[in-house]
Amino acid sequence: MPWTKDDYPDSLKNFMAPVRNKAVEIANALLEDGYEEGRAISIATAQAKEWGEHHHKQIHKKRRSGSK
């Protein structure tokens with residue numbers, strides 16, 4: 001099932017939008033290439049983090065104070 005910027009795996013919910021959107025883009029491409037969903041998410045997450053670091057993007061949302 002392809003994901004969108006509004007409908008994406010729960011594991012991406014704490015990423016900033018640009019990094020999350022990149023992960024969705026990568027994961028959808030991997031699905032089209034025949035990867036299983038779990039593997040596509042895993043690879044896309046790692047590659048999106050790397051992309052964010054190289055483009056000086058904030059990767060994760062900041063936690064609210066008092067949150068654990």
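Lys49 is partly exposed at 32% relative accessibility, a class that lies between buried (under 20% relative accessible area) and exposed (over 50%), computed with a 1.4 Å probe on protein chains only. Lys49 is placed in helix H2, helices being DSSP runs of H or I with at least four residues and strands runs of E with at least two, numbered from the N terminus. Apart from neighbours within four places in sequence, Lys49 contacts Phe15, Val19, Ile59 and His60, where contact means heavy atoms within 4.5 Å. The C-alpha atoms of Lys49 and His60 are 9.2 Å apart, with the two residues separated by 11 residues along the chain.

The model is predicted; local features need pLDDT of at least 70 and side-chain atom pairs pLDDT 80 or more, whereas totals for chains, interfaces and linings use all residues. Residues are numbered from 1 along each chain as its sequence is written, and side-chain values use heavy atoms, with hydrogens and water left out.

The secondary structure of the protein consists of 2 helices and 0 strands. The C-alpha trace spans about 40 × 25 × 20 Å along its principal axes. Of the 68 residues in the protein, 31% are buried. Contacts between residues at least 6 apart in sequence join residues at least 24 apart in 56% of cases.

The axes of H1 (residues 17–32) and H2 (residues 37–54) come within 8 Å and cross at roughly 140°. Axes are lines fitted to C-alpha atoms, for helices over the stretch in contact, and angles run from 0 to 180 degrees between N-to-C directions. H1 and H2 are therefore oblique to each other, the class left after roughly parallel (under 35 degrees), roughly antiparallel (over 145) and roughly perpendicular (65 to 115). On the H1 side the contact is made by Pro18, Val19, Lys22, Ala23, Ile26, Ala27, Leu30 and Leu31, and on the H2 side by Glu37, Ala40, Ile43, Ala44, Gln47, Ala48, Lys49, Trp51 and Gly52. These residues divide into 12 nonpolar, 2 polar and 3 charged, with Ala, Val, Leu, Ile, Met, Phe, Trp, Tyr, Cys and Pro counted as nonpolar, Asp, Glu, Lys and Arg as charged, and the others, Gly among them, as polar.

His54 also lies in helix H2 and is exposed, with a relative accessible area of 57%. A polar atom of the His54 side chain lies 2.8 Å from the backbone oxygen of Glu50. His56, in the segment after H2, has a positive phi of about 55° although it is not a glycine. His56 counts as exposed at 75% relative accessibility.

Definitions and conventions:
A polar contact is a pair of N or O atoms within 3.5 Å; within protein, one must be able to donate a hydrogen and the other to accept it, and residues adjacent in sequence count only if both atoms are side-chain atoms.
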